[in-house]
Amino acid sequence: MSFFTILIFIFLLLLLPTAYAGMIGAPYAPTFTPAIKRALKKIKLGAGDTLIDLGAGDGKVLIQASKLGAAAIGYELSPIMWFIAWIRLLGHRRAKIYLRNFYNKKLPDATVIFIFLMPDKMKRVHEYLKKQHLPNGKYVLVYSFPFPDIAPQEIIITPKCGKIYVYDFQKLVSHKSKNQVSPAQE
């Protein structure tokens with residue numbers, strides 16, 4: 001086998017999980033720093049907070065959270081994006097990135113959850129968050145694609161950036177979806 005053939009093989013091995021990540025969450029698309037900074041400032045993220053980024057991409061949100069003194073934990077499924085984020089996070093002691101499918105993970109307690117996934121994934125994420133035990137949860141920040149049928153507490157608009165929808169964590173996880181059956185209806 002030639003060196004070129006081996007490189008192509010390695011590239012394809014990395015590409016498959018990246019394609020899978022795009023199918024179950026979102027393909028990589030950048031989150032713009034001005035929007036992140038504005039949202040984190042608005043919710044007063046600081047040293048007493050822990051932010052979890054579901055689908056952390058290039059780690060930009062984790063970096064901004066750690067600069068504000070918060071602990072920052074990201075989950076990324078694409079090995080390529082995980083590696084980019086891992087490199088970018090070197091020197092940010094309060095930020096960590098894991099190469100994992102967050103749907104298969106019980107989240108550590110956090111005050112803020114950040115999400116930038118495709119619109120058709122948001123109902124699943126909502127159901128996933130309802131199963132998490134986060135007693136200190138304050139906010140869920142959603143970039144560009146809000147939860148369907150759930151009004152945000154606030155919408156943060158930054159020029160030339162996607163909107164960030166702010167949800168009260170406790171209200172969000174207690175919200176019943178239209179398709180959800182209550183115990184009294186069973």
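Mentor: Along its sequence, the chain runs α-α-β-α-β-α-β-β-α-β-β-β-α, where helices (H or I, at least four residues) and strands (E, at least two) are DSSP runs numbered from the N terminus. This is a predicted model, in which local features need pLDDT of at least 70 and side-chain atom pairs pLDDT 80 or more, while totals for chains, interfaces and linings use all residues. Residues are numbered from 1 along each chain as its sequence is written, and side-chain values use heavy atoms, leaving out hydrogens and water.

Altogether there are 6 helices and 7 strands.

Now to helix 5, which spans residues 122-130. Its buried residues are Met-122, Val-125, His-126, Tyr-128 and Leu-129. They lie on the same side of helix 5, because they cover an arc of only 160° around the axis, taken from the directions from the helix axis to the C-beta atoms. The parts that cover these buried residues include strand 1 (50-54), strand 4, strand 5 (139-143) and helix 6 (169-174), judged by contact, which is heavy atoms within 4.5 Å.

Rings of Phe, Tyr and Trp (its six-membered ring) pair if their centres lie within 6.5 Å; planes under 30 degrees apart are stacked, over 60 edge-to-face and the rest tilted. The chain has 9 such pairs. Among them is the stacked pair of Trp-82 and Trp-86, 6.2 Å centre to centre with 25° between the planes. Both sit in helix 4 (residues 79-89), 4 residues apart, about one turn of the helix. Trp-82 is partly exposed at 22% relative accessibility, and Trp-86 is partly exposed at 38%.

Tyr-103 lies in the loop between strand 3 (95-99) and strand 4 (112-115), so the pair ties together parts that are 25 residues apart in sequence. Both tyrosines, Tyr-103 and Tyr-128, are buried. The ring of Tyr-103 also has the charged end of Arg-124 over it, 3.6 Å from its centre; the rule asks for NZ of Lys or CZ of Arg within 6 Å of the ring centre and within 35 degrees of the ring normal.

Technical notes: Buried < 20%, exposed > 50% of the residue type's maximum accessible area, 1.4 Å probe, protein only.
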